[in-house]
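Thanks for coming. I will take a few minutes to walk through one structure, which goes up on the screen now.

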Amino acid sequence: MKKITLILVALVVCMTSTFAQKYGHVNSNEIMQVMPGIDSVQIKLMDFHNSLQVIYENMFNEFQTKKDRFDKEAGTMSSAVRKLREDELIALQNRIQEFEMNVQQDIEEEKFRLIAPFQEKVQNAINDVAKEHKYNYIFDTQILLYYDGGDDVTPLVRKKLGIK
């Protein structure tokens, strides 16, 4: 009889704790867009992009200058010099293409580096709100396919971050 009572008590406790869980959702993208200082990220990214653009233009201008010179002098070159200059142009062209392929990755890495402190602040605020208001789960509405119910804690997180 004691075993049955203990099992029933354990079952009731498990069921109660399961049903008593508190769920919330937050729109972190909305918060990120209004974070103080986030506009500086776009400016820094544009500066970074522009610096890469200058490097690309210098490489391209160097290629174009060497190609024009090659085209102009090709008729008077020995075959050994012609081969050397062709190889030089091909190597420079390959470097330009490699640079073009790596630029997008560099920009994404820089964006991640610049945004990371803001994401960390938002995550810390979400953690604090969850603890203060006793949420078991807080989901981000940006990655949920469906949600019905739960509390929208976006205003609480905004308040925690001092955002109106």
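How many helices and strands are there in the protein? There are 5 helices and 3 strands, where helices (H or I, at least four residues) and strands (E, at least two) are DSSP runs numbered from the N terminus. Along the sequence they follow the pattern α-β-α-α-α-β-β-α.

Two notes on the source. This is a predicted model, in which local features need pLDDT of at least 70 and side-chain atom pairs count only at pLDDT 80 or more, while totals for chains, interfaces and linings use all residues. Residues are numbered from 1 along each chain as its sequence is written, and side-chain values use heavy atoms, with hydrogens and water left out.

Of the 164 residues, 24% count as buried. Buried means under 20% relative accessible area, exposed over 50%, and partly exposed in between, with a 1.4 Å probe and protein chains only.

Next, α3. This helix covers residues 38-73, which is 36 residues. From its first C-alpha to its last it reaches 53 Å, close to the 52 Å expected at 1.5 Å a residue; the expected span is 1.5 Å times one less than the number of residues. Its buried residues are I38, V41, L45, L52, M59, F63 and F70. They pack against α2 (28-34) and α4.

Now α4, residues 79-132, and α5, residues 154-161. The two pack at an angle of about 115°, with their axes 9 Å apart. Axes here are lines fitted to C-alpha atoms, for helices over the stretch in contact, and angles run from 0 to 180 degrees between N-to-C directions. Which residues meet? On the α4 side they are K121, V122, A125, I126, D128, V129 and E132, and on the α5 side L156, V157, K160 and L161; contact means heavy atoms within 4.5 Å.

Staying with α5, T154, V157 and R158 are buried. They cover an arc of only 100° around the axis, which puts them on the same side of α5; the arc is that of the directions from the helix axis to the C-beta atoms. P155 and K159, on the other side, are exposed. What covers the buried residues includes β1 (23-26), α2, α4 and β3 (151-152). Just after α5, G162 takes a positive phi of about 75°.

Last, K134, in the loop between α4 and β2 (137-140). K134 has a positive phi of about 55° although it is not a glycine. At 65% relative accessibility, K134 counts as exposed.
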